Amino acid sequence: MEKFVIAILVSNVSGVLTRVSSMFTRRGFNIDSLAVGETESFDYSRITITFTGDRAEKKQLIRQLAKLYDVKEVEVLDKAESVSRELLLIKVENRPETRQDIMSAVEVFRCKIIDYSAVSLICEVTGESSKIQAFIELMKPYGIIEMCRTGMVALERGNNCLKSE
Amino acid sequence: MKISGSKIVMETLIEQGCDTIFGYPGGQVINLFDELYNYQDQIKHVLTAHEQGASHAADGYARATGKVGVVIATSGPGATNLVTGIATAHLDSVPMVAITGNVPCSLIGRDSFQEVDIVGVTMPITKHNFIVKDVTKLAETLREAFRIAKSGRPGPVLVDIPKDVQVAQCEYERGHVVEAYPKLAASEDKLLKAAEILKDAKKPYIYCGGGIIAGGATREIEALAEKLDAVIGSSMMGLSAISTDNPRFLGMQGMHGHYASSIAQDEADVIIVAGARFSDRATGKKERFAINSKIIHIDIDNSELQKNITVDLSIAGDVKNAVSRLTAMIDPKKNPEWMARAAELKEIEASTIKKSEALTPYNIIDIISSVTDPKTVIATDVGQHQMWTAQRYPFKSPRTFVSSGGLGTMGFGMGAAIGAQMGSGERTVLVTGDGSFGMNLNELATAVSFNVPMVVVIMNNGVLGMVRQWQTLFFNKHYSNTTLNRQTDFVKLAEAFGAKGVRVTTCDELKDAFAKAYKENGPVVIDCIVNPDEFVLPMLPPGGSIDDIITNVEVEA
């Protein structure tokens with residue numbers, strides 16, 4: 001089992017996310033994360049998914065994706081040849097006895113505190129998934145109230161890019 | 001000049017070469033049907049008894065002709081009634097365009113009367129689907145629907161048209177019949193590799209799927225078999241691709257396949273799989289499938305490669321093109337031992353078939369085939385009668401077998417036979433069972449209205465035979481809900497619908513009745529009373545393999 005990052009260029013039309021995600025459900029693919037958003041062109045949206053599976057599953061997933069009419073490009077991103085980021089917003093308890101530890105962690109992880117109240121504070125963390133995961137683990141003892149993450153987005157380095165025709 | 005959305009639909013259908021459509025009117029397609037009234041000399045609309053029947057008719061029309069079948073239904077229940085028909089077409093790769101009406105755009109999402117999100121419902125059972133909310137996009141969307149339906153591996157496409165879009169007007173310009181997207185051509189490298197594997201083949205077996213029919217590759221397959229000195233088998237969907245007159249053809253393989261075909265496939269050293277997708281009904285237990293052979297898989301749908309069975313060489317591409325190029329790459333071979341073995345297997349197979357004077361399923365099929373001609377379309381429903389037909393009927397030319405394979409839709413036959421008859425212009429025979437016929441026999445009304453020359457042969461055993469067979473073999477004869485215990489008189493029923501009906505209990509009666517029925521210019525129902533304990537054999541038990549093949553069953557009373 002390996003972790004793969006797959007970039008998909010799709011037509012920017014309504015229902016496209018349903019088509020892609022329902023295919024995963026129907027074919028029994030387990031997706032770790034999915035992020036979707038606008039691109040440089042109005043005609044296309046870009047979906048980034050991370051997926052854990054073996055090579056045969058990866059091939060099958062790509063072929064099933066490519067078969068969808070609204071999917072224009074599919075590519076597995078090579079980890080060494082691409083950069084990836086994820087964003088985490090995490091709300092933790094703000095207690096006098098732990099406040100300083102949290103502040104230190106925020107500094108070391110080079111993240112930001114974007115909300116501060118008497119009872120809680122919200123940190124914004126950007127980075128690769130492993131960094132996000134490490135920060136969450138670190139915050140657990142301090143009391144996580146709630147959190148959300150965007151899922152990974154990724155681009156290839158240099159001139160390589162995902163373009164339809 | 002500006003014309004309405006409804007008129008654009010008619011114009012686009014004509015432009016795409018469509019002259020027959022199947023459907024049923026309703027509130028949100030009144031405008032379409034109003035326009036159809038003006039076009040009735042150019043587009044024949046076949047009004048069925050139920051939208052499901054219309055969807056199967058469009059499917060049967062497409063299977064028998066290779067053209068895109070078109071069905072129209074209203075919103076809500078009209079649209080959901082198409083679902084089984086669309087799924088049936090999807091599983092068997094049948095080109096179809098389904099047009100549904102919907103409530104006006106302003107009412108969508110408000111749970112309006114007869115509103116359903118049919119695009120959402122049919123997403124997993126169509127190649128693609130559209131909702132058209134802008135009349136200026138209507139013509140191009142319909143054209144694209146036809147294009148998608150017939151490109152590559154064919155399939156159904158649904159176009160949902162809200163009522164206000166049918167009414168709205170815009171400019172329209174007559175276009176041309178859309179061409180399918182260019183067919184994927186197999187890579188030269190892969191074909192060379194295939195030729196390399198085939199060099200040492202002493203026991204080659206070519207396994208044909210429905211793709212041979214869709215891709216029109218009958219001659220190419222026959223030529224390859226000739227050059228390789230190979231035998232040919234097929235999936236159920238591949239039946240009629242290769243004539244049973246071809247001595248190399250061993251028939252259908254798989255769960256209820258011919259003994260010779262299934263055994264030869266297992267003994268082969270190389271299997272060329274063309275236009276087939278390794279359905280579980282064809283392979284049985286995957287781990288045991290074709291363990292003695294190398295497999296070369298050719299299919300136009302890339303996503304079928306390495307999906308169900310891991311093969312030695314997978315080739316994505318149009319099968320006609322790939323097979324003819326592959327044939328050119330290989331030297332002619334002779335495999336006399338393999339041919340002798342195939343002949344021997346055929347003999348063993350023949351010896352396992354019990355002869356009888358009674359009105360057995362095989363005798364019924366033999367009587368039918370003694371009267372029909374090579375172009376006659378044979379449709380079936382789903383169950384034992386379907387397997388008996390698939391095993392026994394001597395199909396001679398492609399597109400003469402119309403049957404629901406992948407989805408296994410009981411109730412498919414009536415609609416499909418009507419559509420197939422209208423598309424092919426040939427007399428059509430529907431072989432069905434009393435269970436399947438009971439599901440959509442309302443379409444007898446359609447066959448009468450349109451005076452469809454078709455013979456409905458019911459193998460009436462009073463039970464749901466296929467499930468009963470499983471109950472006998474694997475469920476301790478617990479005949480749970482498979483004994484029908486109905487008092488339906490199919491002869492009177494046929495007459496009530498305005499068709500002819502006759503009941504037969506012996507072979508002689510059937511010979512006489514069928515010969516007469518086949519000459520009639522309208523539908524005739526022949527009710528054949530058969531033994532409920534006839535088995536479809538051979539059988540690979542569910543989850544079993546060729547090692548578990550059942551060729552004989554003794555049933556104690």
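These legends walk through several close-ups of a predicted model. Residues count from 1 along each chain as its sequence is written, with chains lettered from A and ligands numbered from 1 in the order in which they are written. Since we're looking at a prediction, local features need pLDDT of at least 70 and side-chain atom pairs count only at pLDDT 80 or more, while totals for chains, interfaces and linings use all residues.

**View 1. Chain A, end to end.** Chain A has four helices and nine strands, where helices are DSSP runs of H or I with at least four residues and strands are runs of E with at least two, numbered from the N terminus. Read from the N terminus, the order is β-α-β-β-α-β-β-α-β-β-α-β-β. The C-alpha trace of chain A spans about 55 × 35 × 30 Å along its principal axes.

**View 2. The open sheet of chain A.** Here four strands of chain A line up as β2-β3-β1-β4 with antiparallel pairing; two strands pair if DSSP finds at least two bridges between them. β2 (31-38) and β4 (71-77) of chain A sit at the edges with a single partner strand each, so one side of each has no neighbour in the sheet. From one strand to the next, the twist averages 15°. Strands β1 (residues 2-11) and β3 (residues 44-53) of chain A run antiparallel and are joined by ten bridges. Look for Val10(A), which stands opposite Ser45(A) in β3(A). Lying across β1, β3 and β4 of chain A is helix α2 (residues 55-67), which runs at about 160° to β4(A). Angles like this run from 0 to 180 degrees between N-to-C directions, and axes are lines fitted to C-alpha atoms, for helices over the stretch in contact.

View 3. Chain A splits into domain 1 (2-77) and domain 2 (83-153), with bounds from an automatic or database domain assignment. Their C-alpha centres lie 29 Å apart. Six residues from domain 1 of chain A and five from domain 2 of chain A make the contact, which requires C-beta atoms, placed from the backbone, to lie within 7 Å. On the domain 1 side, β2 and β3 of chain A each give two or more residues, and β2(A) gives the most, with three. That side divides into three nonpolar, three polar and no charged residues. Nonpolar covers Ala, Val, Leu, Ile, Met, Phe, Trp, Tyr, Cys and Pro; charged covers Asp, Glu, Lys and Arg; the others, Gly among them, are polar.

**View 4. Two helices crossing in chain B.** The axes of α9 (residues 188-199) and α14 (residues 319-329) of chain B come within 9 Å and cross at roughly 50°. Leu191(B), Leu192(B), Ala194(B) and Ala195(B) in α9(B) meet Ala322(B), Arg325(B), Leu326(B) and Met329(B) in α14(B). The classes in this contact are seven nonpolar, no polar and one charged.

How values were computed:
Two residues are in contact if their C-beta atoms, placed from the backbone, lie within 7 Å.
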